[in-house]
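Please read this briefing alongside the sequence and the model shown below.

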Amino acid sequence: PDAPDTGPATRTRTGLIGLWEIDETTGATTIADTSDVTLNVPLTVTVVGGAVTFSAGTMTLTGTSVIASSSAPHFTADVITTNAVTLEAWVMPSMDDQGTVAAPVVVAGLSPNTASRNISILQAGKRWLARVRTTTDTDGGPDLLSTTDITTNTMTHLVVVADATQRILYVDGKADVTDPAPGPPFMWDASYKMTLGNEPVQGRQWAGTFALVAMYKQALSGPLVTMNRAAGPNGQ
């Protein structure tokens with residue numbers, strides 16, 4: 001199903017360092033970064049087996065593909081400078097049960113493989129999972145695992161924020177999991193690429209539909225998360 005092309009233009013752009021609004025057409029090999037940052041980070045679409053289908057502001061992944069920046073983006077340096085980060089995604093899973101906590105599948109984030117990451121939103125079985133590296137744990141633990149089951153056939157708004165005081169996973173505007181962080185984003189690796197729907201090494205394919213992904217160099221407040229959700233998957 002296509003995301004409804006509605007929603008007021010009320011998304012916050014303060015601190016925005018990457019924005020992928022998924023307005024491409026089928027056959028596109030690049031997803032544009034439409035943020036206001038001078039050095040944009042387009043994502044390259046590589047279909048390995050299956051298909052990547054664009055339709056009415058959405059992108060649906062079936063089979064195996066890799067969607068990633070061609071090189072390491074500036075996001076890590078931005079986040080380390082501000083000691084805060086937000087990763088946001090409007091997505092609709094094709095299956096309500098895919099991946100596991102031990103081997104989650106990747107929705108979006110900065111990572112090189114299945115064992116290391118700076119920040120990621122993932123699916124672990126029937127739950128959403130977020131990881132942000134704020135300690136020496138290179139995989140971004142401890143896990144932020146959602147408390148309610150995933151549902152298909154509807155767009156879900158997912159936001160993970162982290163700063164020096166806390167890490168929070170928001171699901172549809174609700175602060176679903178809150179974890180007191182021992183510190184701000186820590187030991188981030190500047191070589192990691194931005195990736196959607198899979199690890200760059202093809203290890204953790206996610207099946208589903210994207211409408212929007214965004215990265216901020218600030219931890220969005222609850223009211224700003226609410227505002228972005230109200231704008232909808234096609235909000236500006």
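**Strand pairing, a helix and aromatic pairs**

Isoleucine 67 stands opposite leucine 196 in strand 13, where strands (E, at least two residues) and helices (H or I, at least four) are DSSP runs numbered from the N terminus. This is a predicted model, in which local features need pLDDT of at least 70 and side-chain atom pairs count only at pLDDT 80 or more, while totals for chains, interfaces and linings use all residues. Residues are numbered from 1 along each chain as its sequence is written, and side-chain values use heavy atoms, with hydrogens and water left out.

**Strand 4 and its partners**

- Strand 4 and strand 13 (residues 193-196) pair in the antiparallel sense over 2 bridges, pairing being assigned if DSSP finds at least two bridges between two strands.
- Strand 4 also pairs with strand 14 (residues 208-216), again in the antiparallel sense, over 3 bridges, and leucine 61 stands opposite glycine 208 in strand 14.
- Strand 3 (residues 43-55) and strand 4 (residues 58-69) run antiparallel and are joined by 12 bridges, with glycine 50 standing opposite glycine 63 in strand 4.
- Strand 3 and strand 4 form a hairpin with 2 residues between them, and alanine 56 in the turn has a positive phi of about 50°.

**Helix 1**

- In helix 1, Phe75, Thr76, Asp78 and Val79 are buried, where buried means under 20% relative accessible area, exposed over 50% and partly exposed in between (1.4 Å probe, protein chains only).
- Seen down the axis of helix 1, the buried residues fall within an arc of 160°, so they line one face of the helix; the arc is that of the directions from the helix axis to the C-beta atoms.
- The cover over the buried residues of helix 1 includes strand 1, strand 5 (85-93), strand 6 (105-111), strand 13 and strand 14, with contact taken as heavy atoms within 4.5 Å.
- Asparagine 83, which follows helix 1, has a positive phi near 60°.

**Aromatic pairs**

- The structure holds 2 aromatic pairs, counted where rings of Phe, Tyr and Trp (its six-membered ring) have centres within 6.5 Å, with planes under 30 degrees apart called stacked, over 60 edge-to-face and the rest tilted.
- Tryptophan 20 and phenylalanine 75 form an edge-to-face pair, 5.9 Å centre to centre with 80° between the planes.
- That pair links distant parts of the chain, since tryptophan 20 lies in strand 1 (residues 16-20) and phenylalanine 75 in helix 1 (residues 75-82), 55 residues apart.
- Tryptophan 206 and phenylalanine 210 form an edge-to-face pair, 5.2 Å centre to centre with 70° between the planes, and both tryptophan 206 and phenylalanine 210 are buried.
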